[in-house]
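Here is a short briefing to read alongside the structure.

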Amino acid sequence: MADQPSNVAAVAGGIKKLLREEEDLQGGEDQTTKTTTEVVDESPFDPIERIKEGFNHFKINEYDKYPEYFEKLKEGQSPKFLVFACSDSRVSPSRILNFKPGEAFMARNIANMVPAFNQVRYSGVGAIIEYSVGVLEVETILVIGHSKCGGIKALLDLPDDGAVSNDFVDDWVKIGLPAKAKVKAEFGDKCLDEQQMHLEKEAVNLSLLNLLSYPYVQEGVARRNLKLMGGYYDFIQGTFELWGFKLEVMPPLTI
Amino acid sequence: MGGGHLRRCMMLCCSSRAGQVKDKMATDSYEEAIAGLKDLLSKKGELGDVAAAKIKNLTAELEATAASNFDPVERVKTGFAQFKTEKFEKNPDLYGELAKGQSPKFMVFACSDSRVCPSHILDFQPGEAFMVRNIANMVPPYDQTKKYSGVGAAIEYAVLHLKVENILVIGHSCCGGIKGLMSIPEDGTTASDFIENWVKICMAAKSKVKNEYKDLEFAEQCKNCEKEAVNVSLGNLLTYPFVRAGVMNRTLSLKGAHYDFVNGSLEIWNLDFGVTASQSA
């Protein structure tokens with residue numbers, strides 16, 4: 001099950017929809033088809049079955065196989081990482097960085113954004129940071145951007161006159177406007193694809209900076225060496241960049 | 001705060017350079033600290049014995065931590081290398097297709113808890129599930145004032161752009177967020193900046209549980225609340241016009257689930273929502 005690509009299903013998507021409708025009409029579990037013989041996958045997609053199979057695979061190959069490991073996790077979690085990653089189905093940090101259960105507390109949203117501290121507008125992200133940094137005391141915060149990010153593209157496409165075509169997406173990605181300004185200033189003459197790549201990375205830096213607007217992060221950095229790191233996963237090249245982020249406060253000078 | 005500057009070190013998975021930067025940072029702060037201590041002891045000699053005892057303790061502590069030193073850079077490097085060799089390079093067709101675009105069939109809401117990643121517990125492969133992870137896997141209601149634009153953006157993108165067919169909200173056992181919700185005092189006072197205000201999204205679940213299961217132990221009440229909160233979130237999903245339209249058109253289905261990692265089990269259920277043909281009075 002592990003590596004069977006259900007993208008096979010995606011490729012035969014139109015056929016599968018047709019099959020599902022056929023099966024509904026038949027009202028049974030008939031696996032044969034009447035309409036076409038060029039079916040790559042025999043049975044129509046059943047989300048409940050997919051979920052059951054997935055859980056059973058996990059249960060047999062991981063949960064039952066490593067009882068001591070999972071026994072410890074029942075008592076509590078002490079992840080060393082807080083990871084911000086995009087909601088994109090292709091960039092799960094459990095996959096691309098091989099994080100095991102218990103290793104990484106995860107926040108996933110459009111374009112892996114961290115807005116600045118705001119109790120009215122951004123309570124979701126605030127709660128994640130407050131809990132993982134203030135309560136669980138993770139040691140490292142990692143914000144991972146990625147190639148071909150739809151959210152970053154929406155940010156790049158935002159018209160300057162403030163007109164909005166995506167109700168929520170546009171409002172959310174506006175968090176990244178300072179990064180967009182920086183990229184436009186430095187790379188405004190490059191093609192849009194290249195600008196998008198720079199923006200994907202610059203938005204990560206902006207998020208790292210915004211992290212410092214949370215008192216629990218400030219305290220973590222000052223008192224217990226909480227580390228902030230940025231990452232960029234390029235799934236076309238198959239590469240991962242990693243960088244550190246440090247804010248240093250110099251003692252004040254008396255003028 | 002005094003003046004500040006940002007320093008960004010480019011560590012392109014190059015461990016030797018990372019090591020150098022780390023060592024230099026460590027030496028600077030250590031020398032400052034020792035200098036500060038010497039200065040203090042020269043002024044207050046009577047603290048000598050106390051200082052000696054504390055320094056011995058500290059040395060022992062550091063010896064212990066040195067033995068189990070965790071390097072996050074190495075962990076990330078190793079993790080990606082494993083993925084690259086065992087998965088990415090071995091499935092060029094799959095990753096080639098994914099590089100062009102994604103068409104996940106699922107949108108999944110799961111808790112940020114490190115133990116419940118759907119990539120593990122439901123074995124989702126790259127490309128299968130668009131994921132939102134937040135405290136207690138909550139879906140707030142549609143809000144035009146954009147109070148919850150983060151979740152709204154994810155749902156909008158998944159339903160209107162990616163056209164996912166299923167939205168799954170998964171709760172789990174021993175959820176800290178739900179426990180926090182159940183622990184908010186009757187008078188509603190909160191002690192946190194964000195957490196309690198966030199989990200109040202599912203206050204209706206707490207009320208239901210407190211009413212219907214008032215005789216159960218707190219831990220059992222919490223478990224019931226974990227499941228009820230999923231139902232509140234499913235209901236909140238329907239407040240998004242594009243979700244409602246999808247459900248009515250049967251292009252979108254909503255499901256709830258609860259992962260119990262204490263017993264190693266998963267429950268899953270559908271949310272049925274429909275409108276019957278109207279009749280004239």
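E74(B) and K77(B) sit three residues apart in helix 3 (residues 72-88) of chain B, so about one helical turn separates them. In this predicted model, their side chains meet in a salt bridge, with an N to O distance of 3.9 Å. E74(B) is partly exposed at 32% relative accessible area, and K77(B) is also partly exposed, at 26%.

**Salt bridges within a chain**

- Side chains of opposite charge can pair when their charged atoms come close. Counted over all chains, the structure holds 23 salt bridges.
- In chain A, salt bridges with shared partners join K182(A), E186(A) and E202(A) into one network.
- K80(A) and E139(A) also form a salt bridge, with 3.7 Å between the closest N and O atoms. This pair links distant parts of the chain, 59 residues apart: K80(A) is in the loop between helix 4 (67-75) and strand 1 (81-86) of chain A, and E139(A) is in the loop between helix 6 (123-135) and strand 3 (140-146) of chain A.
- Both partners are partly exposed: K80(A) has 29% relative accessibility and E139(A) has 32%.

**The nonpolar core**

- In soluble globular proteins, nonpolar side chains tend to be buried together.
- Which residues have the most contacts inside the largest nonpolar core? They are I129(A), I155(B) and V243(B), in a core of 144 residues.
- Leaving aside neighbours within four places in sequence, V243(B) is in contact with I155(B), V159(B), I167(B), L237(B), L238(B), L252(B) and L254(B).

**A buried serine**

- S112(B) is found in the loop between strand 2 (106-111) and helix 5 (118-121) of chain B.
- Is S112(B) buried or exposed? Its relative accessible area is 0%, so S112(B) counts as buried.
- Apart from neighbours within four places in sequence, the contacts of S112(B) include A104(A), F105(A), M106(A), A107(A) and I128(A) from chain A. From chain B, S112(B) touches R133(B), N134(B) and I135(B).

- The size of an interface is often given as the accessible area lost when the parts come together.
- Between chain B and chain A, about 8,900 Å² is buried, and carbon and sulfur atoms give 61% of that area. In chain B, R115(B), H120(B) and F194(B) lose the most area to chain A, together accounting for 9% of what that side buries.
- The contact involves 96 residues from chain B and 97 residues from chain A.
- Three salt bridges are found across this interface. R50(A) and E128(B) have side chains that meet in a salt bridge, at 2.7 Å from N to O.
- There are also 38 residue pairs in polar contact across the interface. Helix 3 of chain B supplies the largest share of the side that touches chain A, eleven residues.
- By class, that side of chain B has 47 nonpolar, 29 polar and 20 charged residues.

How values were computed. Residues numbered from 1 in each chain as written. Chains lettered and ligands numbered in written order. Predicted model: local features only at pLDDT ≥ 70, side-chain atom pairs only at ≥ 80, totals over all residues. Heavy atoms only, no water. Salt bridge = Lys/Arg side-chain N within 4 Å of Asp/Glu carboxyl O. Helix = DSSP H or I, 4+ residues; strand = E, 2+ residues; numbered from the N terminus. Buried < 20%, exposed > 50% of the residue type's maximum accessible area, 1.4 Å probe, protein only. Core = buried A, V, L, I, M, F, W, Y, C linked by side-chain atoms within 4.5 Å. Contact = heavy atoms within 4.5 Å. Buried area = accessible area lost by both parts, 1.4 Å probe. Polar contact = N/O pair within 3.5 Å; in protein donor to acceptor, adjacent residues only side chain to side chain. Nonpolar A, V, L, I, M, F, W, Y, C, P; charged D, E, K, R; others polar.
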